[in-house]
Amino acid sequence: MLTRIDHIGIACHDLDATVEFYKSTYGFTDAHFEVNEEQGVRECMLKINDTGDGAASYLQLIEPIRDDSPVAKWLEKNGEGVHHIAFGTDGSVADEAAAIAGKGVRVLYDAPRNGSMGSLINFLHPKDCHGVLTELVEKR
C-alpha cells in the first residue's frame, strides 16, 4: 500500500547552488548526499518533515554526473524543475509495481533498483500517469 509522498525530485544543473537556495530560503536541512552511479546523478535529500509511518518527506535535488544519464537528457529538453514524484510504500516495491502493472500502467524496470539512502525503487511510465514520472520507494 502506498503510504506517503516520499519525495519530490527536482532536476538541477548545479546541485550545490540549488541546495544552498533551499536551505537559505526555506530552512530545510541537508539530510543526505550521495552519488548514484546507476542513475547517473549526484543528489541531496532535503528533509521537509516526518510522517506518521516513521519515515519522512524530502525534496530530492538531482544533478546529472554524465551527459547520457536520463536526468541530463531530461534537463536538456525541459530545463530545471520538478522531475518526478515518489510515493513510499510500507510493503514491497516489487509487489506494488506488479499490482500497478496489472492495472495497465507500464513499469520501467523489470526488477527494483537501488535508490537513495539504501531504498529500493521502480518507476512508472509518465505517459500512463497523466504526464508525471512516478517513482515507487521501499525504505530498507
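Modeller: In strand 5, His 84 is the bridge partner of Gly 9. The model is a predicted one, in which local features need pLDDT of at least 70 and side-chain atom pairs count only at pLDDT 80 or more, while totals for chains, interfaces and linings use all residues. Residues are numbered from 1 along each chain as its sequence is written, and side-chain values use heavy atoms, with hydrogens and water left out.

Biologist: Which strands does strand 4 pair with, and in which sense?

Modeller: Strand 1 pairs with strand 4 in the parallel sense over five bridges, and Ala 11 stands opposite Ile 62 in strand 4. Strand 3 and strand 4 run antiparallel and are joined by nine bridges; here Val 41 stands opposite Pro 64.

Biologist: What is the strand order of the sheet, and what makes a strand an edge strand?

Modeller: The open sheet has eight strands in the order 2-3-4-1-5-8-7-6, with mixed pairing. Strand 2 (29-36) and strand 6 (113-114) each have a single partner strand, so one side of each lacks a neighbour in the sheet, and they stand at the edges.

Biologist: What makes strand 4 largely enclosed?

Modeller: Buried means under 20% relative accessible area, exposed over 50%, and partly exposed in between (1.4 Å probe, protein chains only). Eight of the nine residues of strand 4 are buried, so the rest of the structure largely encloses this strand.

Biologist: Why is a group of residues called a nonpolar core?

Modeller: The term denotes a set of buried Ala, Val, Leu, Ile, Met, Phe, Trp, Tyr and Cys residues joined through side-chain atoms within 4.5 Å. The largest such core has ten residues in all, including Ile 10, Val 19, Phe 28, Leu 46 and Leu 61. Helix 1, strand 3 and strand 4 each give two or more residues to this core, and helix 1 gives the most, with three.

Biologist: What does Leu 46 touch?

Modeller: Contact means heavy atoms within 4.5 Å. Not counting residues up to four places away in sequence, Leu 46 touches several residues, among them Val 19, Tyr 22, Phe 28 and Leu 59.

Key:
Pairing = 2+ DSSP bridges. Helix = DSSP H or I, 4+ residues; strand = E, 2+ residues; numbered from the N terminus.
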